[in-house]
Amino acid sequence: MDLRTAARRVFPGRNPVARRGDRLEGAAVVVAVVVALLGLPVAAAFGSEAYASRAAQSREQQATRYEVTAVLTADAPLVLPAGEGAIAVSSARARWVAADDSVRQGTVETVPGLPAGAPVRIWLDAAGNPADPPVTAEGAVAGAVAVAAVVWVLFVAAVAALCVGLRLVRNGINDRRWAREWAVVEPLWRRVS
């Protein structure tokens with residue numbers, strides 16, 4: 001469908017064949033586009049809230065987490081990748097020195113197949129326990145953009161679903177109208193033939 005045909009469907013104008021339902025559907029499409037555009041600030045507000053939350057989390061984690069070198073005390077088992085492009089991760093026992101100079105032991109994630117005695121870089125929380133790497137400022141921005149995009153896509157999908165629903169209801173009304181008119185005309189045609 002080209003742009004001119006789409007515009008004629010949305011704005012039937014003075015077309016004598018256009019029905020009231022066609023004009024109503026065209027108005028609904030215009031309202032849907034306007035509402036979808038008005039959804040952008042709403043999505044941006046959700047993204048802004050997500051950014052504020054993730055940025056605070058990033059600052060807290062950057063202040064309390066630190067990276068150390070642990071030494072494996074056991075061989076890391078070989079693990080086959082879960083799928084193509086997957087990063088293989090294995091768990092193995094290791095020993096490390098916490099910020100308070102205490103020697104700790106535990107299970108850490110590492111590359112599969114590393115032998116005992118191999119060094120592994122790990123992140124620790126304030127208590128000296130293994131933790132995930134801290135959220136970065138870039139991660140906070142990416143998370144906020146993802147939240148805003150998902151909210152807007154869901155908003156647009158809801159508006160589109162309402163338009164599709166209106167179209168289905170209108171088609172049902174047209175089908176019933178055609179059936180009633182055919183019920184009147186069809187017996188007349190039988191008499192003629």
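Predicted model: local features only at pLDDT ≥ 70, side-chain atom pairs only at ≥ 80, totals over all residues.
How many helices and how many strands does the secondary structure of the chain come to? I counted 3 helices and 5 strands.

**Entry 1: layout.** I read the elements off from the N terminus, and they run α-α-β-β-β-β-β-α.

**Entry 2: overall shape.** I looked up the radius of gyration next. The chain comes out at 32 Å, while a compact globule of 193 residues would have one near 16 Å. I also checked the spans of the C-alpha trace along its principal axes, which are about 100 × 40 × 25 Å. As for burial, 22% of the 193 residues count as buried. Then I went through the contacts with a sequence separation of 6 or more, and residues 24 or more positions apart account for 60% of them.

**Entry 3: the α2 and α3 pair.** Helix α2 covers residues 20-64 and helix α3 covers residues 137-192. They pack at an angle of about 160 degrees, and their axes are 7 Å apart. Angles over 145 degrees count as roughly antiparallel, so I put α2 and α3 down as roughly antiparallel to each other. The contact of α2 with α3 has, by class, 23 nonpolar, 5 polar and 5 charged residues. I noted the hand too: the crossing of α2 and α3 is right-handed.

**Entry 4: Thr 110.** Is Thr 110 buried or exposed? I got 8% relative accessibility, and under 20% means buried, so Thr 110 counts as buried. Thr 110 sits in strand β3, which takes in residues 103-110. What does Thr 110 touch, if I skip residues up to four places away in sequence? My list reads Leu 72, Ala 76, Val 89, Ser 90, Ala 92 and Val 120.

**Entry 5: Asp 125.** I found Asp 125 in the loop between β4 (119-124) and β5 (130-131). Its relative accessibility is 23%, so I logged Asp 125 as partly exposed. Leaving out neighbours within four places in sequence, I have Asp 125 in contact with Thr 64, Arg 65, Tyr 66 and Ala 131.

Definitions and conventions
Residues numbered from 1 in each chain as written. Heavy atoms only, no water. Helix = DSSP H or I, 4+ residues; strand = E, 2+ residues; numbered from the N terminus. Buried < 20%, exposed > 50% of the residue type's maximum accessible area, 1.4 Å probe, protein only. Contact = heavy atoms within 4.5 Å. Axes fitted to C-alpha atoms, helices over the stretch in contact; angles between N-to-C directions. Parallel < 35°, antiparallel > 145°, perpendicular 65-115°, else oblique. Left-handed = near helix turned anticlockwise from the far one by under 90°. Nonpolar A, V, L, I, M, F, W, Y, C, P; charged D, E, K, R; others polar. Rg over C-alpha atoms; globule rule 2.2 N^0.38 Å.
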